[in-house]
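Open the model in your viewer and keep the selection tool at hand.

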Amino acid sequence: MPKRVKVTQEDKTGRNTRFHDNFTGEDFTRAQFNKKIKSGDYVGYEVKMINGVETPVSKPDKIKNNNLG
């Protein structure tokens with residue numbers, strides 16, 4: 001089974017900026033993905049404040065299919 005979400009673009013610092021949902025085919029920015037996570041559309045993910053920027057991350061667990069990468 002493929003990972004649900006993959007990172008499709010990073011900025012020069014390595015921060016993930018664009019994402020692709022492998023199940024729906026939808027592409028979105030970090031802000032759009034954050035909004036979807038907060039609304040409960042992506043239960044395997046959460047938004048954390050990292051260096052002052054809201055950042056989507058996979059929830060720490062043993063499931064590899066929800067890891068971003």
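**Salt bridges**

The count of salt bridges comes to 4, a salt bridge being a side-chain nitrogen of Lys or Arg within 4 Å of a carboxyl oxygen of Asp or Glu. This is a predicted model, in which local features need pLDDT of at least 70 and side-chain atom pairs count only at pLDDT 80 or more, while totals for chains, interfaces and linings use all residues. Residues are numbered from 1 along each chain as its sequence is written, and side-chain values use heavy atoms, with hydrogens and water left out.

Select glutamate 26 and lysine 36: their side chains form a salt bridge at 3.2 Å, N to O. The pair links distant parts of the chain, with glutamate 26 in the loop between β2 and β3 (27-29) and lysine 36 in helix α1. Helices (H or I, at least four residues) and strands (E, at least two) are DSSP runs, numbered from the N terminus.

Next, select lysine 38 and glutamate 54, a salt bridge at 2.8 Å, N to O. Lysine 38 lies in helix α1 and glutamate 54 in strand β5 (residues 53-58), 16 residues apart.

**Histidine 20**

Move to histidine 20 in strand β2 (residues 16-21). Is histidine 20 buried or exposed? Histidine 20 is buried because its relative accessible area is 18%; buried means under 20%, exposed over 50%, partly exposed in between (1.4 Å probe, protein chains only).

**Nonpolar core**

Finally, select Val5, Val7, Phe19, Phe28, Phe33, Ile37, Tyr42 and Tyr45, the 8 residues of the largest nonpolar core. Such a core is a set of buried Ala, Val, Leu, Ile, Met, Phe, Trp, Tyr and Cys residues joined through side-chain atoms within 4.5 Å.
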